[in-house]
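Thanks, everyone, for making the time this morning. I would like to walk through one structure with you, so please have a look at the sequence and the model before I go on.

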Amino acid sequence: MSALLQDFSKAMSQAGSSQFQEVIRQELEYSMKVELDKILATAHSNEIEHTKKDLEGFKKLFHRFLQEKGPSVDWGKIQRPPEDSIQPYEKIKARGLPDNIASVLNKLVVVKLNGGLGTSMGCKGPKSLIGVRNENTFLDLTVQQIEHLNKSYNTDVPLVLMNSFNTDDDTKKILQKYSHSRVKIYTFNQSRYPRINKETLLPIAKDVSYSGENTECWYPPGHGDIYASFYNSGLLDNLIAEGKEYIFVSNIDNLGATVDLYILNHLMNPPNGKRCEFVMEVTNKTRADVKGGTLTQYENKLRLVEIAQVPKAHVDEFKSVSKFKIFNTNNLWIALSAIKRLQEKNAIDMEIIVNPKSFENSLGINVPRSRFLPVKTTSDLLLVMSNLYSLNAGSLTMSEKREFPTVPLVKLGSSFTKVQDYLRRFESIPDMLELDHLTVSGDVTFGKNVSLKGTVIIIANHGDRIDIPAGALLENKIVSGNLRILDH
């Protein structure tokens, strides 16, 4: 540990030494300011403005980091949210739709968070450019959905992509292919913050460049950054000037996050006449979602609490499916005017993780699980590529032939982690309509037209290989050892 940090820690642990702590904090903030000024001085004239805004945002975050001591929520203040603060989707849908739904749609902007890379699935470049269904990428499906809306209702709903410095160039190149589609597409970049050295608490980067060796010196902050970067880009003001009133924000890899007309109508025409500024879609937790953030009542406000903010002693309680029954899907509906107001007042009190507690009149809507269909792994990819779903105008819907409304539990082993390995191991995607559970481990390949039903476990031991032959039906089967069927 550096001498500076040792002093800092010692000072922190001495009771009654708040004045000394403050001096150390100020010294750390001053050293940080000096280093950030040096970095800013290396920016070209066309980069200065946005680099300055990024570094200002980072300074605020660093200030808060030095102030925070341990988890940022007081567990004793966390209460279950009041009944009326989370509405069931069925109740909102039961209101129906007005005749003038097109005029409501024309007030909407769809924002997709497009900052992530496909590295966890073994792909280079933006994750949104991975093929997920019939050669269509996440981005293709998003554009098709909005184009279908605009054609059906004769509207002009634009798509806005929040890129990161990692995905911006590749995404912009690919956007040319949509130049003739009926969707206006805009982009803006989320902020770029410097990584800091654990010992010195100073930036690792020495200049503004972020290519080559410098790639690791910078990081895009979390989704909570959308408010500041959207505002700073100038796009927020332009959209307000065009008469847009709400954004629908979701992760681009959540294939269930399509525009929902019933939620939009509830926002624009609230039953009590008082519009919500912020709506978060939540859905019921299963054991797979225990780490997801949850809505709580905190100091008389609706507040999102994430697992990283929970004191260690209460993590198990936080994960409990019986106490906290819902989790955040990260599908958000937000009033543009509220983002503008809060940014101008500097009033969005973001945790180091996003917390929408600054908005007036917030609401949770408990939506069906079908609105949360994220593709984070090749196991998720297998589900959305299979006959469990049908694709229509960019939207995936669960096949009517499936008897249960839930998807099977799929666990593919490490031989399937990378998309290209995964694709090589399936000659065609198996029939999974009657599947409950699939576990595959080791060197396994699937021939064409395989059917999987019930619980299927396939384990090839180290050094062995299992080839599931074309046309095979596996129902409630465990296959292990070494199985190779050779064509003669």
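This is a predicted model: local features need pLDDT of at least 70, side-chain atom pairs count only at pLDDT 80 or more; totals for chains, interfaces and linings use all residues.

The protein is divided into domain 1, which covers 1–67, domain 2, which is made up of 75–201 + 222–371, and domain 3, which covers 378–480.

Let me take domain 2 and domain 3 as a pair. Their centres, taken over C-alpha atoms, are 30 Å apart, and 16 residues of domain 2 are in contact with 15 residues of domain 3. The size of an interface is often given as the accessible area lost when the parts come together. For domain 2 and domain 3 the buried area is about 1200 Å², with 63% of it on carbon and sulfur atoms. The number of salt bridges between domain 2 and domain 3 is zero, although a search of the whole structure finds 20.

Now to the second largest pocket, which holds about 690 Å³ of space. It is lined by 28 residues, and the closest to its centre are His50, Asp168, Asn189, Gln190 and Tyr210. The elements giving two or more residues to this lining are α3 (48–67), α7 (168–175), β7 (185–189), α8 (226–232) and α9 (235–241). Sorted by class, the lining has 14 polar, nine charged and five nonpolar residues.

Finally, I would return to Asp168, which forms a salt bridge with Lys172, their closest N and O atoms being 3.2 Å apart. Asp168 and Lys172 both belong to helix α7, where they sit four residues apart, about one turn of the helix.

Note on methods
Residues are numbered from 1 along each chain as its sequence is written. Side-chain values use heavy atoms; hydrogens and water are left out. On a 1 Å grid over the protein atoms alone, a cavity is a set of points where a 1.4 Å probe fits but cannot get out, and a pocket is an open set with protein on both sides within 12 Å along at least five of seven lines; lining residues have an atom within 4 Å of a point. Grid points are joined across faces, edges and corners, and a volume is the space filled by probe spheres set on the points. Ala, Val, Leu, Ile, Met, Phe, Trp, Tyr, Cys and Pro count as nonpolar, Asp, Glu, Lys and Arg as charged, and the others, Gly among them, as polar. Domain bounds come from an automatic or database domain assignment. Contact means heavy atoms within 4.5 Å. Buried area is the accessible area (1.4 Å probe) that two parts lose on being put together, summed over both. A salt bridge is a side-chain nitrogen of Lys or Arg within 4 Å of a carboxyl oxygen of Asp or Glu.
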